[in-house]
Each structure stands twice: as structure tokens, then as C-alpha cells.
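Subject: Structure handover

Hello,

Here is the structure I promised to pass on. Please open it and keep it in view while you read my notes below.

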Amino acid sequence: MTPIQSNGYPVFFDNELKELQNFLDNSNYSKVFFLTDMNTSEHCMPLIKQFLPLLDNYDIIEVDPGEENKNIDYCIGVWQMLLDFDADRNSLLINLGGGVITDMGGFAASTYKRGIDFVQVPTTLLSQVDASVGGKTGIDMGNIKNIIGTFTQPKAVFISAEFLNSLDERQIQSGFAEVVKHGLIADKAYFNQLKEINPKGITSAIVYHSVEIKNQVVLADPFEKGIRKTLNFGHTIGHAVETYSLKNDKKPLLHGQAIALGMICEAYLSNQHNGLSEEELTEVIQYISSIFSSYKIKSGSYPDILNFMKNDKKNDNGKIGFALLSGIGKCDYNIYLEEKQILDSLNFYAELNS
């Protein structure tokens, strides 16, 4: 597949990671580090060793997996390991993992000694179609997702479908939520195509097209001042519910599962406040509900969920901001709603799944 040119760097689609080997062969880094978690150390580093047999001079920095560990304490650990390994400003950090690793690794690299080079090797469907382009790095603080971070571009991104073979169905499903979102906000024909496939059978062509859609939006608005906000469809409510679940559930929702819930709620809000037709609302709800299991939202959780939304980065002057559909494949942004309207959408979802 032809590489996609993003904001100053290429995104390679290369199952055997030959382009990563070429990148390293043509570079002159003093040291190379891999940032992994325990899962990618076990399942993905063997592929790195298989595909890059000539790569023998590197160190591995391993962190615990999970969104709950994407915080400043773990970042301090990464910085300390870089110091302990004598990483200088001519070092390279290769972030091998899902969105937690690519977000946190990008942030750690962009701030260590005022910035060292990094590349992304996303290993989950979610990170391949979402975190692979855009230059967003970040960590969570308290109950607020991605509130600390930078816009810093990697030197390159290397996507291999081979890594997806190590994922369970729940992880594939989670990533598929972002694929569905791309169709809903930008490409109706793509959304209709997605309805004909099983998430477990996702192809490299689907991943490629999703990256294309996100890249087009990011290139038009690198710093999220305008149209890039459409990528947040489903995320205002979805992020808040994800945070609530992380704090309260023994088996928390994965990101994509929470975003699926958020897309149903925000499709309802789109119908009520932005012109999405009843027919298309039904179409969206039926499709998302056919893929993603429901989540029991209790009214007692509403105050916490609203409080999480009040800290969302998209808010303006205390108003909670949304990206809402006007039709399938069309999305508007900077739409601000009152708490009662948001609660109506949560009640709508709860009744839908009662």
C-alpha cells in the first residue's frame, strides 16, 4: 500500500516492517529504545525480532498495561529509565503498543531533554486507526483523560496487520468503534460498507481508509481549532462514561465500548438539536447496538458523569461542547448543550437498554 503522508511524516502499511528496518538503517541515532507494556513485550516484541533480525542494539522500557497507568507517575518512570540508560538528545524512542503506549510514549519523548525523536508502531486496531495520525501525545491526570500533553509529530508510523492477530475479540471490537465513527462523520458510503462486514474480519484496506479519513481531517486542522473537532463525535459522553467505568467497575469498559455508547447518546442529541433525521438516527442506533453490548447506566451515576464532562477539553467558558451529526457522513462542531439536554440523552440510552 502507498504510504500516507501526514503532517510532516509518513504512515507506512508494511506487514513485515521492512520500512522500519529501512528507517533505522538510514538514521544515525545514538541509542534506540522500545517502550512496551507487558502485553506487547510478550506478543509483539517477538514479531519485532522476527522482522528486524539485524536490530540487536536496543533497550526495552516496560510499563504496566491499561489506561489507569497513563499518568505522570509512569511518565516519570519512563524518563528515569531513559536517564539510567544514558539517553541523549540523539536517541530514538519506538512506541510499540496501543493508544496508551503511543500517547504516553509520545509525550515522554516530546518532553525528555526538551524533545527526542520517536516513532509509533501501533499494535491494536484502535491505535492503528486513531492514534496513528494527528500528533497528539498525552497522559491523564486524576479523572481527566489526556489533559496533559503536546502536539508533537512522530518521525514516522509503521502499521502492520500482523499485530492484530494477537488481539482478542473485545479489543478488535473496541477499535472498530473508531472505524464506525469515521464513516459516520465523513463518509456515508464507507459507513454502508462497514455494515456488510464482521469486525473480526476487518481488512488492511479498511484500516487504510480509516487512516486516510482521519489524516485528511488532521491535515486540514492540525491543532484542533475547527473541523478536527468532528473527530470527537461520541467522545464527550463516551469519555465521561469511560472514566466513570474505570473508577467504579471491576471490568471497566474499553475505550471503544464507551465511545459506542457515546455515539448512540450523541446521535440522539444530533436528532434533537442538529437535524439528524429520525430514519438515520434509527439506522445508527440499530447498527451500533448490533455490534456492541449495552452498558447499564444508573441515574445515580449521572452527577459523576456530568462532572467528568465539565472537565472536557472541548468545553468553552463552562459550556459542554459536542460534535454532532447533521446526517450520516456529515458532522458539525462547536455545539454547546445544557445539562438537561445531556441528561435526556443518557435517559434515552438507559431506556433503550432497559
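Helix H13 passes helix H14 in a right-handed crossing. This is a predicted model. The axes of H13 (residues 302–310) and H14 come within 11 Å and cross at roughly 125 degrees. That angle makes H13 oblique to H14.

Which residues of H13 and H14 meet? From H13 they are Tyr 302, Ile 305, Leu 306, Met 309 and Lys 310. From H14 they are Glu 339, Ile 342, Leu 343, Leu 346, Asn 347 and Ala 350. Eight residues of this contact are nonpolar, one is polar and two are charged.

Now the aromatic rings. The count comes to 10 aromatic pairs. Take Phe 34 and Tyr 58: their ring centres are 5.2 Å apart. Their planes stand at 75 degrees, over the 60-degree cut-off, so this pair is edge-to-face. Phe 34 sits in strand E3 (residues 31–37). Tyr 58 is in the loop between helix H3 (45–51) and strand E4 (59–63). The two are 24 residues apart, and the pair links distant parts of the chain. Phe 34 is buried, with a relative accessible area of 0%.

Tyr 268 and Phe 348 make another pair, with ring centres 4.4 Å apart. Their planes are at 20 degrees, under the 30-degree cut-off, so the pair is stacked. Tyr 268 lies in helix H11 (residues 255–273) and Phe 348 in helix H14 (residues 339–352), so the pair ties together parts 80 residues apart in sequence. Tyr 268 counts as buried, at 15% relative accessibility.

Finally, look for one aromatic cluster: Phe 12, Phe 23, Tyr 29 and Phe 158.

Best wishes

Technical notes
Residues are numbered from 1 along each chain as its sequence is written. This is a predicted model: local features need pLDDT of at least 70, side-chain atom pairs count only at pLDDT 80 or more; totals for chains, interfaces and linings use all residues. Side-chain values use heavy atoms; hydrogens and water are left out. Rings of Phe, Tyr and Trp (its six-membered ring) pair if their centres lie within 6.5 Å; planes under 30 degrees apart count as stacked, over 60 as edge-to-face and the rest as tilted. Helices (H or I, at least four residues) and strands (E, at least two) are DSSP runs, numbered from the N terminus. Buried means under 20% relative accessible area, exposed over 50%, partly exposed in between (1.4 Å probe, protein chains only). Axes are lines fitted to C-alpha atoms, for helices over the stretch in contact, and angles run from 0 to 180 degrees between N-to-C directions. Angles under 35 degrees count as roughly parallel, over 145 as roughly antiparallel, 65 to 115 as roughly perpendicular and the rest as oblique. A crossing is left-handed if the near helix is turned anticlockwise from the far one by less than a right angle, and right-handed if clockwise. Contact means heavy atoms within 4.5 Å. Ala, Val, Leu, Ile, Met, Phe, Trp, Tyr, Cys and Pro count as nonpolar, Asp, Glu, Lys and Arg as charged, and the others, Gly among them, as polar.
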